[in-house]
Amino acid sequence: MVEQQEASGDAVMTRIGQAVMLLHGGDREEARNRFGALWTEIGERGEVLHRCTLAHYMADTQDDPGDELAWDLRALAAAESLRDAGEDGPGAAPAVRAFFPSLHLALAADYLKLRRPEPARIHLDRARGAMDALGDDGYGHGVRAAVERLETALRER
């Protein structure tokens, strides 16, 4: 039974990854459709890492900045529920902990798009405060660089 659950968890992450590849390949509509179908399957009660990852990427498929914000808030809520609970499966806690800088960065960008600089600054500060969870790898370097770019954009406003 546990092995079956782990296999299905891997299948969900594989499907999320496939939709992310579509998104990065420029097919936002198909990525949004697949993310939507997955969200219908796993919903608010799915594994936290799945919900966090799915909502975080679903936000990137949205045309409306308010919808993007709503999905990024779902991703943050999922990540915070994991932090509050302590864990959600083997290895999930470190994976979600490393997500916090990116989640707060995304929220800061959302608020900036919505012309709400104060919440943007708050989330940018939180992103910076969570960067100790980032590794010395491409993902970590990319998030750090994006934080710097968004800080520059906020200063210029």
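User: Which residue does the side chain of Arg28 meet in a salt bridge?

Analyst: Welcome! This is a predicted model, where local features need pLDDT of at least 70 and side-chain atom pairs count only at pLDDT 80 or more, while totals for chains, interfaces and linings use all residues. Residues are numbered from 1 along each chain as its sequence is written, and side-chain values use heavy atoms, leaving out hydrogens and water. With a salt bridge defined as a side-chain nitrogen of Lys or Arg within 4 Å of a carboxyl oxygen of Asp or Glu, the partner at 2.9 Å, N to O, is Asp63.

User: How many residues apart in sequence are the parts that this pair ties together?

Analyst: Helices here are DSSP runs (H or I, at least four residues), numbered from the N terminus. Arg28 lies in helix α2, whereas Asp63 sits in the loop between α3 (48–59) and α4, so the parts tied together are apart in sequence by 35 residues.

User: Is Asp63 buried or exposed?

Analyst: Buried means under 20% relative accessible area, exposed over 50%, and partly exposed in between (1.4 Å probe, protein chains only). Arg28, at 31%, is partly exposed. Asp63 has a relative accessible area of 59%, so this residue counts as exposed.

User: Which residue forms a salt bridge with Glu151?

Analyst: Glu151 is buried, with a relative accessible area of 17%. The closest N and O atoms are 2.7 Å apart, and the partner is Arg128.

User: Which helices do the buried residues of α8 pack against?

Analyst: Helix α8 covers residues 138–156. Its buried residues include Val143, Leu150 and Glu151. Counting contact as heavy atoms within 4.5 Å, the buried residues of α8 pack against α6 (100–113) and α7 (117–129).

User: What kind of pair do the rings of Trp39 and Trp71 make?

Analyst: A search of the whole structure finds 1 aromatic pair. Rings of Phe, Tyr and Trp (its six-membered ring) pair if their centres lie within 6.5 Å; planes under 30 degrees apart count as stacked, over 60 as edge-to-face and the rest as tilted. For Trp39 and Trp71 the centres are 5.1 Å apart and the planes stand at 85°, so the pair is edge-to-face.

User: Which residue lies over the face of Trp71?

Analyst: Trp71 is buried, as is Trp39. A charge sits over a ring if NZ of Lys or CZ of Arg is within 6 Å of the ring centre and within 35 degrees of the ring normal. At 4.2 Å from the ring centre of Trp71, the residue over its face is Arg74.

Conventions:
Helices (H or I, at least four residues) and strands (E, at least two) are DSSP runs, numbered from the N terminus. The expected span of a helix is 1.5 Å times one less than its number of residues.
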